[in-house]
Amino acid sequence: MLERRTAPTPFPKYRRCAVVVLGVMGAAIASLAGRAAADAPAFTMSSPDLAGGTFTDKFVLNGFGCTGQNVSPAVRWSNPPGGTKSFALTVQDPDAPTGSGFWHWAVYDIPGGATGLVRGVGNSAALLPAGAFGGNNDFLDTGATGVNGNYGGPCPPAGDPPHHYIFTLYALSVDKLEVAGRVPKTGTAGLYGFVLNKGIGKALLGKASFTATYGR
């Protein structure tokens, strides 16, 4: 009876070497990609009007015992993530004695090619970039900010330690946040905050933020 033999695999040593080489090359490429990502410029935002980290009277609310001019400060940003189609800006005071913070300003659907908002844009919709719109803040219809969608400057309770006002810019891979999040343009800042941080999932590409303080 003849014994059937399996033909040996040609060049087995060379095949093993090729696998090792490919593995090393893959690890090297992954390492380089990770290093490139780490070396990429950071997505950042700042305000030339709040360079000292505090609000001057020009940007403070005119109402509820405060006598500022209530002008929205300019903001600038750089190095957004690739694929950004729009931005959303929010300003919140987490120290407000409301139990959930206080929203002072929100702007949605800022075009992805924008690099900032000029001073006063929160006081006049005509100054907003094309397509952007101002969202509601927690002043609502008090009259302190004119109408909903306008900027409302800081005005913490007298005697409180300085409050912190967190400016957050969201980079998104969608053009229209309200469409992607299936919420009305008139939705509250809290509703939009949920959509931005949870509701649109991977459409949130990155965040940039800074904090300014104010007390009286």
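The largest pocket of this predicted model has a volume of about 200 Å³. A pocket here is an open set of points on a 1 Å grid over the protein atoms alone, where a 1.4 Å probe fits, with protein on both sides within 12 Å along at least five of seven lines. The volume is the space filled by probe spheres set on the points, which are joined across faces, edges and corners. Local features need pLDDT of at least 70, side-chain atom pairs count only at pLDDT 80 or more, and totals for chains, interfaces and linings use all residues. Residues are numbered from 1 along each chain, and side-chain values use heavy atoms, without hydrogens and water.

The pocket is lined by 14 residues, each with an atom within 4 Å of a point. Ala96, Phe102, Cys155, Pro156 and Pro157 lie nearest the centre. Strand 6 and strand 9 (163–172) each give two or more residues to this lining. Strands are DSSP runs (E, at least two residues), numbered from the N terminus.

Strand 6 (residues 102–111) is mostly covered, with nine of its ten residues buried (under 20% relative accessible area, 1.4 Å probe, protein chains only). Strand 6 pairs with strand 5 (residues 86–93) in the antiparallel sense over seven bridges; pairing requires at least two DSSP bridges. Glutamine 92 faces tryptophan 103 of strand 6. Strand 8 (residues 133–134) also pairs antiparallel with strand 6, over two bridges. There, tyrosine 108 stands opposite phenylalanine 133.

A separate topic is the open sheet of three strands, ordered 1-4-7 with antiparallel pairing. Strand 1 (44–46) and strand 7 (116–117) are at the edges with a single partner strand each, so one side of each lacks a neighbour in the sheet.

Key:
Buried < 20%, exposed > 50% of the residue type's maximum accessible area, 1.4 Å probe, protein only. Helix = DSSP H or I, 4+ residues; strand = E, 2+ residues; numbered from the N terminus.
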